[in-house]
Amino acid sequence: MTSAVGTIHFPGKSVYVIHPEKFGGTKAFAKTRERSLMAGFWLAYDKAIGLSPGSKHWMCLPDDDEFRKALVKVFKAQFLDLGLLKHYSAGVDERVGKYWDERFTDGAPLKLNLGAWIYDDLLRAFSSLFWDEEGPFQDRELREQTSIFLGNLHNLMAPMEFLNSSQARRARAFVRQKLDTGHVDSEKSPDKTTSNGKGEEASKPAGLLAAIRQHLFQWDAYEPHAWVDYQISVVAVVLSNIVTAIQWTLLYILSRPELKAQIITEIRTLVEHCDGVEGSTGSPVIDAAKIREYCPHLLATWYEMLRMNGAVPVARYITDNAVFMSKYELKKGSIMVSPMAVRHFNPDIWGPEPESFHPERMIKDGQVNTDMTRQLGTFGIPGVGICPGRYLAFNVAMSMLVKMLVSFDIDCPEGGMLAQGIVPKPKGHMSLGMSEPEQDPEVLLSRRAGAASVKFDFTNIKPGW
Ligand code: HEM
């Protein structure tokens with residue numbers, strides 16, 4: 001690109017491509033008021049998710065609309081608050097540990113598909129933390145059908161409904177019906193006391209969904225089906241990205257024996273430097289804040305994965321005719337997009353061979369090089385929009401990866417792609433965020449003796465991703 005904006009014309013609409021680095025394009029992007037993140041979501045997935053007219057109404061509001069800004073504040077209050085960050089991170093850790101205890105009962109090795117395993121545990125854990133009570137996703141069939149539904153959105157986009165995959169249509173109908181709790185009681189008290197899993201009574205903060213519901217109920221055009229849409233969007237946006245990110249990181253680690261050995265050595269050192277132990281079992285309690293210090297190659301793998309697989313274009317729907325940088329006309333109904341790949345594969349930033357996976361490029365003097373990691377645009381562009389869940393994503397991903405590598409011997413079947421050092425390619429079709437891998441390889445998991453109750457302490461974590 002030789003200017004701030006390039007335009008691709010399609011019948012009835014245009015795509016304006018904003019240079020993510022040069023010519024001041026991103027600053028002007030941030031200043032454009034006629035833009036909407038959620039309208040882009042609506043445009044892409046209206047048909048596939050079966051969004052209701054009530055959802056279209058609020059999703060198409062510009063990003064700087066007061067109602068929409070207040071909704072983003074709800075997310076920020078939930079995910080950027082340090083106390084809640086610790087609560088949610090510890091909540092996921094505790095629940096995932098419990099699900100593993102249920103799943104790996106007799107010590108016999110289990111064959112599982114990596115992505116499906118992570119997805120199932122995290123959906124259950126997030127449901128328990130974000131929804132009222134334990135949330136709807138304790139129901140295994142609902143989790144399975146949600147996976148089929150969201151994994152097949154591209155198969156639900158045909159202009160005529162009968163052309164869509166019947167399995168995906170059935171899954172969508174099942175999920176929508178199960179989540180249609182109808183006229184939920186908006187007066188329900190958001191603060192309630194629940195068990196924290198240790199037999200003590202602890203205060204469970206008003207879950208994310210309760211907070212959002214309270215906000216949506218104040219919306220004039222609210223209608224009950226919008227609530228189903230909202231729950232689906234939260235699972236689609238929040239869960240898909242974090243599951244996919246953990247899955248990619250593991251795929252890189254498992255396909256590279258030397259990297260895996262190096263990371264496991266670092267984790268051993270981390271465990272040796274943890275002074276806490278679980279009272280009842282004597283198992284180590286790992287200080288989550290120390291992962292940064294002791295596991296530079298794990299972190300470097302995470303950031304290199306975010307660079308390679310998280311070059312997701314920052315996109316906005318244009319809600320009204322506008323003029324960009326005093327000279328480019330933007331047409332209502334068009335799309336503005338800043339392709340992060342230009343930045344993420346720029347050799348001037350990342351050094352030689354930016355198209356290859358090379359975590360060492362993220363390390364300087366034995367520690368993660370923050371001058372590099374701050375160049376990543378995986379979570380969005382400052383001023384345009386940044387993911388409010390980025391700190392939680394980091395803490396959940398790091399603790400879960402360490403916990404997996406401490407708790408299991410993970411063997412890749414001989415002759416399979418991982419054993420041959422091959423990482424699957426990303427899926428080619430449009431996705432809700434990071435593209436998933438084309439294949440979800442099977443691995444053999446054997447639980448290590450004594451690793452059953454490895455836990456994390458998040459007391460000392462700081463905001464950061
Ligand atoms: C590695 C995992 C994740 C990645 C790569 C990611 C990335 C992103 C990106 C690129 C955006 C759009 C930013 C923008 O253009 O304004 C976004 C939005 C969002 N993310 Fe994340 N995210 C991840 C995990 C999470 C998690 C764990 C949560 C919550 C628990 C979360 C909650 C959200 C929400 C609520 C929005 C929409 C904010 C809005 O409406 O303005 N994300 N995320």
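This is a predicted model: local features need pLDDT of at least 70, side-chain atom pairs count only at pLDDT 80 or more; totals for chains, interfaces and linings use all residues.

Reader: What makes β17 and β18 a pair?

Author: Strands count as paired when DSSP finds at least two bridges between them; β17 (residues 408-411) and β18 are joined over 4 bridges, in the antiparallel sense, and therefore they meet that requirement.

Reader: With which other strand does β18 pair, and in what sense?

Author: Strand β4 (residues 110-113) pairs with β18 (residues 442-447), in the antiparallel sense and over 4 bridges, and Leu110 of this region stands opposite Leu445 in β18.

Reader: Why are β1 and β3 said to stand at the edges of their sheet?

Author: The sheet is an open one of 5 strands with mixed pairing, in the order β1-β2-β12-β9-β3. β1 (5-10) and β3 (35-36) each have a single partner strand, so one side of each is left without a neighbour in the sheet. Within that order, β9 (residues 314-318) and β12 (residues 335-338) pair in the antiparallel sense over 4 bridges, with Arg316 opposite Met336 in β12.

Reader: Which residues of α5 are buried, and what do they pack against?

Author: Among the buried residues of α5 are Leu85, Tyr88, Val92, Val96 and Trp100, and the label requires 20 or more other C-beta atoms within 10 Å. The buried residues of this helix pack against α4, α6 (114-130), α17 and β19 (455-457). In general, residues three or four places apart on an α-helix point the same way, because there are 3.6 residues a turn.

Reader: Why is Cys387 called partly exposed?

Author: Cys387 has 18 C-beta neighbours inside 10 Å, whereas a buried residue needs 20 or more and an exposed one has 12 or fewer; the count falls in between, and therefore Cys387 is partly exposed. Cys387 lies in the loop between β16 and α17, and, leaving aside its neighbours within four places in sequence, is in contact with Phe379 and Gly380. An unreviewed UniProt entry lists Cys387 under "binding site".

Reader: Which residues come nearest to the ligand, and which elements contribute to the shell?

Author: Of the 25 residues around the ligand, Asn241, Gly380, Gly385, Cys387 and Gly389 come nearest. The elements that give two or more residues to this shell are α4 (66-79), α10 (224-255), β16 (385-386) and α17 (390-407), and α10 supplies the largest share, 5 residues. The shell divides into 18 nonpolar, 7 polar and no charged residues.

Reader: What makes Ser326 and Asp365 exposed?

Author: Ser326 has 6 other C-beta atoms within 10 Å, and Asp365 likewise has 6; an exposed residue has 12 or fewer, and therefore each qualifies. Ser326 is found in the loop between β10 (322-324) and β11 (328-330), with phi near 60°, a positive value in a residue other than glycine. Asp365, in the loop between β13 (363-364) and β14 (367-368), has a positive phi of about 50° although it is not a glycine.

Technical notes
Residues are numbered from 1 along each chain as its sequence is written. A residue is near a molecule or strand if its C-beta atom, placed from the backbone, lies within 6 Å of it. Ala, Val, Leu, Ile, Met, Phe, Trp, Tyr, Cys and Pro count as nonpolar, Asp, Glu, Lys and Arg as charged, and the others, Gly among them, as polar. Two residues are in contact if their C-beta atoms, placed from the backbone, lie within 7 Å. UniProt positions are given in the numbering used here, feature names are shortened, and annotations may be inferred rather than shown by experiment.
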